[in-house]
Amino acid sequence: MINLKNITKVFDISDKKLTALDNVSLHIPQGQICGVIGASGAGKSTLIRCVNLLEQPTSGSVIIDGKDLTQLSDAQLMHERRKIGMIFQHFNLLSSRTVFGNIALPLELENTPKDEIQKRVTELLKLVGLSEKSAVYPANLSGGQKQRVAIARALASDPKVLLCDEATSALDPATTQSILKLLKEINRTLGITILLITHEMEVVKRICDTVAVIDHGQLVEQGSVSDIFSNPKTELAQEFISSTFHYNLPEEYLEKMSDTPRSAKSTPIIKFEFTGRSVDAPLLSQASRRFDVSLNILISQIDYAGGIKFGFTIAELEGDEDAITQAKIYLMENNVRVEVLGYVG
Ligand SMILES: Nc1ncnc2c1ncn2[C@@H]1O[C@H](COP(=O)(O)OP(=O)(O)OP(=O)(O)O)[C@@H](O)[C@H]1O
């Protein structure tokens, strides 16, 4: 449904050239949700803006529903853009129009008859759970409600594709969950293909089927969510996965911890991260037995993404220094990511 082929975007800034997208290719089949994740400045917004040609790629093709948008006349492009809805981080609602008026706008621009507008907007309000708010102005809505209005407006022209530009980044965690749930519902019930950009792996984990990691304008890794979570190939993908874990070490450990061992008796506090390839094997107990190292587990978490189990354990390791080193090597050889957080004692 969405097929980006070798997209490059170069911005001319005074006498310098900045390559914001470098030969990006991405295919999203009909009905799938794809997340593009990257750090600030990686090129996410430029990429999503190239999909509806708000930004003209310097080279490459943007094929939506079989048509290459870069080859169309302005009139043809306007027609094809109706197949593409978009929502934004800051909702972009018209403050002078009510909820009804905002959702009705794209239909009015298409000269849809009034009774049809009434019917369609009523349906959309029901879909996004805002039937009671039809006559309310955006200023009197919560962030989550505003995004629901924006979603309804994006769906008004019955698009085949929905682009989401950091759609939950301005929302609190609970509201984020409810908006992601709504997007998933829309994807399932209406079969709409969704491309979303985000800097949060949490969003990818919750609703995406596939994910692409963007870094300095290049897609450095892409695949199904289960593939990436079970076998991240780049350090960047691994970092995004790690960022979905939230933990606090006990205060008593933080107070005692130092970056380097204070004495020969110091013991390391180590974070072991497991992905789909390592999480089911009893690797920690194997390492403990094999190298005679004892583990005092402080925190452990397991989560799921795309049907894949992944997680981490933070433990204090006691034993001979060589034995600890060998245990660490053994775990790393078995696809466990090992990070020394500090030392105690
Ligand atoms: N209109 C523009 N003119 C010149 N440079 C631009 C323009 N838009 C984006 N850039 C540059 O292109 C690069 C990618 O920017 P982009 O906004 O796509 O990144 P991003 O991943 O969306 O970042 P963020 O998450 O901070 O919004 C940045 O270096 C940015 O400064």
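This is a predicted model: local features need pLDDT of at least 70, side-chain atom pairs count only at pLDDT 80 or more; totals for chains, interfaces and linings use all residues.
Mentor: Residues are numbered from 1 along each chain as its sequence is written, and side-chain values use heavy atoms, with hydrogens and water left out.

Trainee: Which element gives the most to the lining of the largest pocket?

Mentor: A pocket is an open set of points on a 1 Å grid over the protein atoms alone, where a 1.4 Å probe fits, with protein on both sides within 12 Å along at least five of seven lines, and its lining residues have an atom within 4 Å of a point. The largest pocket holds about 670 Å³ of space, a volume being the space filled by probe spheres set on the points, which are joined across faces, edges and corners. Of its 18 lining residues, the closest to the centre include Arg81 and Ile84. Among strands (E, at least two residues) and helices (H or I, at least four), which are DSSP runs numbered from the N terminus, the one giving the most, with four residues, is β6.

Trainee: Which element gives the most to the lining of the second largest pocket?

Mentor: This pocket has a volume of about 280 Å³, and among the residues closest to its centre are Glu321 and Ile324. The elements giving two or more residues to this lining are β11 (267-274) and α12, and the most, four residues, come from α12.
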